[in-house]
Amino acid sequence: MSDTGLPARKAAVYLLDQVLGEGRLMSELLAGGAFDRLPPEDRARAQRLANDTLRGLERADRLLQQHLSKYPPLTVRNALRLGTVELCQGGAAHGVVNAMVSIVSAHRRYGHLKGLTNAVLRKVAAAGPEAWAALRPPRLPKWLRGPLVDAWGAQAMQAMEAAHFAGAPLDITPRGEAAAISTTLGAQLLPTGTLRMPEAGQVSAMPGFATGDWWIQDAAAALPVQVLAPRKGEEVLDLCAAPGGKTMQLAAAGAQVTAVDASAPRVARLKENLARVHLPAKVKTADARQIGGSYDAVLLDAPCSATGTIRRHPDLPHAKDGSEFGELIALQGELLDHAWSLVKPGGRLVFCTCSLLPDEGEVQVDEALERHPDMVVDRSALDLPGVSPEWITAEGGLRLRPDYWADIGGMDGFYIACLRKRE
């Protein structure tokens with residue numbers, strides 16, 4: 001990483017411009033282009049700075065309002081936001097202010113605003129950190145906050161927003177003996193068997209990564225396979241499988257896995273992950289609705305709003321506006337119906353989404369039960385270590401939220417249901 005951190009900060013401002021100005025997702029921005037030319041340390045720091053700024057955006061704007069008569073152009077505003085977040089999280093004033101002034105002064109259109117940048121950030125440096133700590137956790141945008149308050153209530157929403165602001169630790173699914181790997185990594189063993197590390201550093205350098213002893217997977221995302229409870233030799237279909245965390249869990253349990261995803265680049269990543277951990281699976285690039293066959297069990301992690309992953313992906317509520325949700329909900333219903341047609345009599349389907357919206361979880365299952373007389377919810381599948389009975393919903397699914405386990409770092413929002421086909 002450069003001594004000044006300037007390349008990483010400049011890249012972070014660019015990421016903010018693209019997310020907040022163009023509605024682009026961080027994942028696609030980091031997939032190539034200029035970021036490939038950054039050293040890994042600068043690339044990681046740019047992503048961290050941009051994510052920290054997106055998480056703290058409301059707080060940064062509230063502090064900046066006190067020192068601005070009107071908002072400057074977006075790039076300058078984002079430099080001020082980034083500088084404010086760094087300063088209020090303990091960044092050295094001299095380095096942060098100089099870096100932001102350098103970024104603005106080098107801009108061909110807005111270079112004349114370097115004086116404004118310097119003056120505002122020096123004021124923030126003087127009074128900002130104390131004021132920052134007194135502000136509420138940032139709220140989600142109204143288009144998303146409204147439906148979630150309707151679903152879960154204002155108090156739960158505030159708790160989820162606090163979890164979003166806190167960010168997410170690194171969660172690991174162990175392939176071998178969890179306690180031994182936990183000791184090697186110095187990780188916390190969670191009640192559901194996931195390992196958790198507050199500070200990870202470079203993942204690829206951690207013990208056991210190269211030998212395939214574990215993989216990165218949020219604690220909530222590891223539960224659908226536990227609910228499915230694959231048995232050795234079973235034929236299991238994993239739909240919408242990439243990047244492969246659940247595929248690896250299924251294969252590690254000894255199931256005969258067929259993994260399907262529509263995205264060729266994501267399938268390539270899935271294959272890389274399987275190769276690293278030395279686990280077998282048949283992998284297909286295809287629309288899940290075009291897959292045929294008959295399986296003992298099917299896992300459908302359906303495409304969704306991803307609103308349950310905001311603590312890891314704070315760009316989502318800023319890059320999206322909810323306009324695609326109706327289309328996604330319709331697609332989930334189609335996928336669920338097709339997946340059900342692939343389940344053998346007596347077999348089971350686990351349906352899940354990383355969403356906080358009931359329309360993408362509880363409602364989907366309620367409506368599927370009406371469409372399929374041979375479908376029953378298996379509540380007993382949710383009787384798992386670490387799963388609280390309070391998480392089980394009226395129709396028999398499992399509702400997970402970011403504010404659950406708040407004292408140990410939370411979890412992604414997820415909905416999971418196990419559906420059995422009558423003999």
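In this predicted model, Asp337 is partly exposed, with a relative accessible area of 25%, and its side chain forms a salt bridge with Arg371 in which the closest N and O atoms are 2.9 Å apart. Because Asp337 belongs to helix H15 (residues 325-341) and Arg371 to helix H16, the pair ties together parts that are 34 residues apart in sequence. Arg371 is likewise partly exposed, its relative accessible area being 36%.

Helix H16, which spans residues 362-371, also contains Glu367. This residue contributes, together with Asp359, Asp366 and Glu370, to a negative surface patch. Glu367 has a relative accessible area of 39% and is therefore classed as partly exposed.

In total, the structure holds 28 salt bridges. One of them joins the side chains of Arg196 and Asp171, with an N to O separation of 2.7 Å. Since Arg196 lies in strand S3 (residues 195-197) and Asp171 in strand S1 (residues 170-174), this pair ties together parts that are 25 residues apart in sequence. Arg196 and Asp171 are both buried. A further salt bridge is found between the side chains of Asp296 and Lys344, at 3.3 Å from N to O. Here Asp296 is located in strand S8 (residues 295-301) and Lys344 in strand S9 (residues 343-353), so that parts 48 residues apart in sequence are tied together. In contrast to the buried pair of Arg196 and Asp171, Asp296 is partly exposed at a relative accessible area of 22%, and Lys344 counts as partly exposed at 28%. Salt bridges that share partners join Asp171, Arg196, Asp218, Arg311, Arg312 and Asp412 into one network.

The buried residues of H4 are Leu57, Glu58, Arg59, Ala60, Asp61, Leu63 and Leu64, and they pack against several other helices, including helix H1 (6-22), helix H3 (40-55), helix H5 (74-88) and helix H7 (114-134). Helix H9 (154-166) and helix H14 (316-319) are also among the elements against which these buried residues pack. Helix H12 (residues 245-252) is largely enclosed as well, because seven of its eight residues are buried. In H12 the buried residues are Gly245, Lys246, Thr247, Met248, Gln249, Leu250 and Ala251.

The backbone on either side of H12 shows several particular features. Just after this helix, Gly254 adopts a positive phi of about 95 degrees. The loop between strand S5 (235-239) and H12 contains Pro243, and the peptide bond leading from Ala242 to Pro243 is cis, with omega near 10 degrees. Cys240 is placed in the loop between S5 and H12, and its phi is near 60 degrees, a positive value in a residue other than glycine. With a relative accessible area of 17%, Cys240 falls under the 20% limit and is therefore buried.

His278 lies in the loop between helix H13 (264-277) and strand S7 (282-285). Whereas Cys240 is buried, His278 is exposed, with a relative accessible area of 55%.

Definitions and conventions:
Residues are numbered from 1 along each chain as its sequence is written. This is a predicted model: local features need pLDDT of at least 70, side-chain atom pairs count only at pLDDT 80 or more; totals for chains, interfaces and linings use all residues. Side-chain values use heavy atoms; hydrogens and water are left out. Patches are made of residues with over 30% relative accessible area and no salt bridge: like charges are joined within 9 Å, nonpolar side chains (Val, Leu, Ile, Met, Phe, Trp, Tyr) within 5 Å. Accessible areas come from the Shrake-Rupley method with a 1.4 Å probe; for residues, only the protein chains shown count as cover. A salt bridge is a side-chain nitrogen of Lys or Arg within 4 Å of a carboxyl oxygen of Asp or Glu. Lys and Arg count as positive and Asp and Glu as negative; His and the chain ends are not counted. The place of a charge is taken as NZ of Lys, CZ of Arg, CG of Asp or CD of Glu. Helices (H or I, at least four residues) and strands (E, at least two) are DSSP runs, numbered from the N terminus. Buried means under 20% relative accessible area, exposed over 50%, partly exposed in between (1.4 Å probe, protein chains only). Contact means heavy atoms within 4.5 Å.
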